[in-house]
Amino acid sequence: VVTKTLDRIKQEVLGCTKCPLSEHRKQPVFGVGSINADLMFIGEAPGAEEDRTGLPFIGRSGKLLDTLLFEELNMDRSMCYISNIVKCRPPENRDPKPEEIDSCRPYLKEQLGIIEPKVIITLGNFATRLLLETKTGITKLRGKIYEYSGSSLIPTFHPAAALRGRKGVLEAMRTDFRKAKEIIYG
Ligand code: URA
Ligand code: SF4
């Protein structure tokens, strides 16, 4: 079997019109980071700044992600890989629709298949539900480690939830990030 390269998939995504989100985006946001990453973050969908720049998690949520990554894992984003389940920004930052998530999921699957991270951290309900194939919410799912195709999957809250200031969310995220560190560094 000939495996597609990450760059080849990126080219496909940059030209993708498989779902209606292609009509509203400035550009798709494929993902960034190291192909050898031990840790991969999966978020929901690009926001305004991501849509403008083509880079994932660079707005307020992204700043918090960078902070937690540094403080809990002593890593910067170049050492991991960051992407989203949906590559194009939904208008007005609405939730992605099931059929949009469905159209986009093969790209994420291919990214995961190439990177094969030791640990996947899913950020929030949408990413967690997609990978664990469940309808259960993140509050119930987090706190445990799951298996996803040879990787350890750690579900946690979306940084946007921590920014909204709900009690305990940030501390829970720190706990989840420390679990990732334990698995990666033993
Ligand atoms: N929120 C996400 O889920 N993904 C991004 O890339 C930015 C914000
Ligand atoms: Fe294609 Fe995904 Fe963008 Fe839809 S969201 S147009 S499936 S890249």
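Student: What should I know before reading the values?

Tutor: This is a predicted model, in which local features need pLDDT of at least 70 and side-chain atom pairs count only at pLDDT 80 or more, while totals for chains, interfaces and linings use all residues. Residues are numbered from 1 along each chain as its sequence is written, chains are lettered from A and ligands numbered from 1 in the order in which they are written, and side-chain values use heavy atoms, with hydrogens and water left out.

Student: Which helix gives the most to the lining of the largest pocket?

Tutor: Helices (H or I, at least four residues) are DSSP runs, numbered from the N terminus. The helix α2 gives the most, with 3 residues. Those that each supply at least two residues include α2 (48-53), α3 (60-73) and α7 (159-163).

Student: How is the lining of the largest pocket divided by class?

Tutor: Ala, Val, Leu, Ile, Met, Phe, Trp, Tyr, Cys and Pro count as nonpolar, Asp, Glu, Lys and Arg as charged, and the others, Gly among them, as polar. The lining of the largest pocket has 11 nonpolar, 9 polar and 8 charged residues.

Student: Which space does ligand 1 take, and which residues surround it?

Tutor: A molecule sits in a cavity or pocket if more than half of its atoms lie within 2 Å of its grid points. Ligand 1 takes the space of the largest pocket. A residue is near a molecule if one of its heavy atoms lies within 4 Å of it. The residues around ligand 1 are Gly43, Glu44, Ala45, Glu50, Pro56, Phe57, Asn84 and His158.

Student: What polar contacts does ligand 1 have with Asn84 and His158?

Tutor: A polar contact with a ligand is a pair of N or O atoms within 3.5 Å. A polar side-chain atom of Asn84 lies 2.8 Å from a nitrogen atom of ligand 1, and a side-chain N or O atom of His158 is 2.8 Å from an oxygen atom of ligand 1. At Phe57, a backbone N or O atom lies 3.0 Å from a ligand 1 oxygen.

Student: Where does ligand 2 sit?

Tutor: Ligand 2 takes the space of the largest cavity, which has about 110 Å³. Among the 14 lining residues, Cys16, Cys19, Cys88, Cys104 and Tyr107 are the closest to the centre of this cavity. The helix α4 gives the largest share of this lining, 3 residues. The shell around ligand 2 has 7 nonpolar, 2 polar and 3 charged residues.

How values were computed: A polar contact is a pair of N or O atoms within 3.5 Å; within protein, one must be able to donate a hydrogen and the other to accept it, and residues adjacent in sequence count only if both atoms are side-chain atoms. On a 1 Å grid over the protein atoms alone, a cavity is a set of points where a 1.4 Å probe fits but cannot get out, and a pocket is an open set with protein on both sides within 12 Å along at least five of seven lines; lining residues have an atom within 4 Å of a point. Grid points are joined across faces, edges and corners, and a volume is the space filled by probe spheres set on the points.
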